[in-house]
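Q: I have a model open and would like to learn how to read its features one by one. Could you walk me through it?

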Amino acid sequence: MPPDKVMAMKQMMMAMQPDTLEAGIERGKRLFNDDTLGDNTTRKSCASCHKDGGTIGGASEMEWKGMKMKVNIPTLKGAAAHFPKPMGPMKAMVDLAGMNNMCIMTFLKGDPIDQNSQQSVDLAAYVTSLSKGKKLEPGAMKIVPKPVPGAM
C-alpha cells in the first residue's frame with residue numbers, strides 16, 4: 001500500500017470514536033427485537049419467545065432430519081454463562097454466536113449471521129448481558145422454568 005494511503009488510514013483510525021460495550025449491547029438489543037433478523041420468514045424476533053430475555057414458557061416445534069420435535073423455550077437469563085457446550089443429537093460444540101444462529105435458522109426460519117460480523121458480536125453481547133453476575137458453567141443444561149412434558 002502506498003505510504004500516503006497508509007498515513008491516511010492511520011489518521012482516520014486515530015480520529016475514530018471508540019466503540020463501547022454498552023453501545024454493542026444496545027445494538028444487540030435492537031437486533032434481538034428485530035422481526036427481520038436474518039431475513040427470517042416468520043416475521044418474529046428473538047423476543048417473541050424470550051420476552052425481555054426471559055421465556056414465554058411452553059415449547060416450540062422444530063424439525064431435524066425430517067423429524068418434528070418439541071423443544072422447551074428456555075430463559076436466556078443466565079444462559080450465556082453455559083457456553084460453549086455440546087448441543088443437539090450430534091453433541092457438536094457450540095458457542096453463543098452459533099446458538100444464536102441455530103435459533104435464527106431453526107425457529108425464525110432465517111439466514112445465519114456471519115459470526116465475524118458486528119451484528120453477531122452485538123447480539124452475543126446483548127444475550128451475554130442477560131447473564132451478568134451469573135457463575136460461568138460451560139456445558140450446563142438450559143434453564144427451563146416450566147418444562148413441557150415430552151419436549152426436549
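Q: Let's start with a helix pair. Which residues in α2 meet which residues in α4?

A: To read a helix contact, list the residues on each side. Keep in mind that this is a predicted model. On the α2 side you'll find Leu21, Gly24, Ile25, Arg27, Gly28, Lys29, Leu31 and Phe32. Facing them from α4 are Gln118, Gln119, Asp122, Leu123, Ala125, Tyr126, Val127 and Ser129. Sorted by class, this contact of α2 with α4 has 8 nonpolar, 5 polar and 3 charged residues.

Q: And how do I read the geometry: at what angle do the axes of α2 and α4 cross?

A: Look at two things, the crossing angle and the distance between the axes. Here the axes of α2 and α4 cross at roughly 95 degrees and come within 7 Å. Angles of 65 to 115 degrees count as roughly perpendicular, so α2 is roughly perpendicular to α4.

Q: What about α3 and α4, at what angle do they pack?

A: Helix α3 (residues 96-106) packs against helix α4 (residues 118-129) at about 100 degrees, and their axes are 9 Å apart. That angle makes α3 roughly perpendicular to α4. From α3, the contact uses Leu96, Ala97, Asn100 and Ile104. The α4 side brings Ser120, Leu123, Ala124, Val127 and Thr128. Split by class, the residues where α3 meets α4 are 6 nonpolar, 3 polar and no charged.

Q: Leu96 keeps turning up. What is leucine 96 in contact with, leaving aside its neighbours within four places in sequence?

A: Skipping sequence neighbours shows you what the fold brings together. For leucine 96, that list is Ala80, Phe83, Ala124, Val127 and Thr128.

Q: How about strands: how many bridges join β1 to β2?

A: For a strand pair, check the bridges, the direction and the turn. Strand β1 (residues 59-64) and strand β2 (residues 67-72) run antiparallel and are joined by 6 bridges. As one example, glutamate 63 has lysine 68 in β2 as its bridge partner. The two strands form a hairpin with 2 residues between them. In that turn, lysine 65 has a positive phi of about 50 degrees.

Q: Now a loop residue. Where is aspartate 35 found, and what does it touch?

A: Aspartate 35 is in the loop between α2 and β1. Its relative accessible area is 37%, so it is partly exposed. Not counting residues up to four places away in sequence, aspartate 35 touches Asn40, Arg43, Lys44 and Ser45. For a sense of distance, aspartate 35 and glutamine 119 are 84 residues apart in sequence but 14 Å apart in space, C-alpha to C-alpha.

Q: Zooming out, in what order do the elements of the chain run?

A: Read from the N terminus, the order is α-α-β-β-β-β-α-α, for 4 helices and 4 strands. The C-alpha trace spans about 65 × 35 × 30 Å along its principal axes. Of the 152 residues in the chain, 36% are buried.

Terms used: Residues are numbered from 1 along each chain as its sequence is written. This is a predicted model: local features need pLDDT of at least 70, side-chain atom pairs count only at pLDDT 80 or more; totals for chains, interfaces and linings use all residues. Side-chain values use heavy atoms; hydrogens and water are left out. Axes are lines fitted to C-alpha atoms, for helices over the stretch in contact, and angles run from 0 to 180 degrees between N-to-C directions. Angles under 35 degrees count as roughly parallel, over 145 as roughly antiparallel, 65 to 115 as roughly perpendicular and the rest as oblique. Contact means heavy atoms within 4.5 Å. Ala, Val, Leu, Ile, Met, Phe, Trp, Tyr, Cys and Pro count as nonpolar, Asp, Glu, Lys and Arg as charged, and the others, Gly among them, as polar. Two strands pair if DSSP finds at least two bridges between them. Buried means under 20% relative accessible area, exposed over 50%, partly exposed in between (1.4 Å probe, protein chains only).
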